[in-house]
Amino acid sequence: DAILEIRPVKNVFMEGDINRESYAVDHFIPRNFVMNDELWNLMPMDPIQNMQKNKKLPAWNDYFEQFANNQFIMYELIHEKPGLQKLYKHCYNLHSIWAVQELYRKGNSPSEFINILGKNMQPVYDSARRQGYEIWKVS
């Protein structure tokens, strides 16, 4: 809730901001594939769209950029707000080594952050596609 109260976060899948009164937290790459709840893969989402998406992948080329921009907002807030930094450090052991060493290190520019996120997420996404995960048709 703290992130949505501080800055508006764009809905990845439709025009407008996430409704901070009613949202779900979902995985960009389905949880049953990645088998974790790591921060780099999570996003606030409209609850109805969350149910529709279920265990499908969003189309990478259509939605990754907005997802990554939202992730960068969170990254900035982690480094700006001591309370959020404390929460982040509390779940530190949940992060992939690449996320700890590269993605969430202080000082990444927006383009550096998005490039790091993309180069590490896309192989996981592509693997899910090869294993038969369907692309979600956003309605």
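Guide: Start with a term: a salt bridge is a side-chain nitrogen of Lys or Arg within 4 Å of a carboxyl oxygen of Asp or Glu. Note too that this is a predicted model.

Visitor: OK, how many salt bridges does the structure hold?

Guide: Four. One of them joins the side chains of Asp-17 and Lys-10, at 3.0 Å from N to O.

Visitor: Which residue does Arg-31 form a salt bridge with?

Guide: Asp-37, with the closest N and O atoms 2.8 Å apart. Arg-31 has a relative accessible area of 38%, so it counts as partly exposed. Asp-37 is partly exposed at 41%.

Visitor: And what does Glu-102 meet in a salt bridge?

Guide: The side chain of Lys-119, at 3.0 Å, N to O. Glu-102 sits in helix α6 and Lys-119 in helix α7, so this pair ties together parts 17 residues apart in sequence.

Visitor: Let's switch to confidence. What pLDDT does the protein average?

Guide: The average is 88, and 91% of the residues score at least 70.

Visitor: Where is confidence lowest, and where is it highest?

Guide: Lowest in helix α1, residues 2–6, with a mean of 54. Highest in helix α7, residues 110–130, at 98. Where pLDDT is low, the predicted coordinates should not be read in detail.

Visitor: Stay on α7, then. How far apart are its end C-alpha atoms?

Guide: They are 30 Å apart.

Visitor: Where in α7 does the kink lie?

Guide: At Met-121, shortly before the proline Pro-123. The kink is about 30°.

Visitor: Which residues of α7 are buried?

Guide: Among them are Phe-113, Ile-116, Leu-117, Asn-120, Met-121 and Tyr-125. The elements covering the buried residues of α7 include α2, α4 and α6.

Visitor: What comes just after α7?

Guide: Gly-132, with a positive phi of about 100°.

Visitor: Now the largest nonpolar core. Which residues touch the most other members?

Guide: Phe-28, Trp-40, Leu-103, Tyr-104, Leu-117 and Met-121, out of 34 residues in that core. The elements giving two or more residues to this core are α2, β2, α4, α6 and α7. The largest share comes from α4, with nine residues.

Visitor: What about phi of Asn-54?

Guide: Positive as well, at about 50°, and Asn-54 is not a glycine either. Asn-54 is in the loop between α3 and α4.

Visitor: Last one. Where does Ser-22 lie?

Guide: In the loop between α1 and β1. Ser-22 is partly exposed, at 37% relative accessibility. The C-alpha atoms of Ser-22 and Pro-47 are separated by 7.3 Å, with the two residues 25 apart along the chain.

Methods. Residues are numbered from 1 along each chain as its sequence is written. This is a predicted model: local features need pLDDT of at least 70, side-chain atom pairs count only at pLDDT 80 or more; totals for chains, interfaces and linings use all residues. Side-chain values use heavy atoms; hydrogens and water are left out. pLDDT is the predictor's confidence in each residue, from 0 to 100. Helices (H or I, at least four residues) and strands (E, at least two) are DSSP runs, numbered from the N terminus. The expected span of a helix is 1.5 Å times one less than its number of residues. The bend at a residue is the angle between axes fitted to the seven residues ending there and the seven starting there. Buried means under 20% relative accessible area, exposed over 50%, partly exposed in between (1.4 Å probe, protein chains only). Contact means heavy atoms within 4.5 Å. A nonpolar core is a set of buried Ala, Val, Leu, Ile, Met, Phe, Trp, Tyr and Cys residues joined through side-chain atoms within 4.5 Å.
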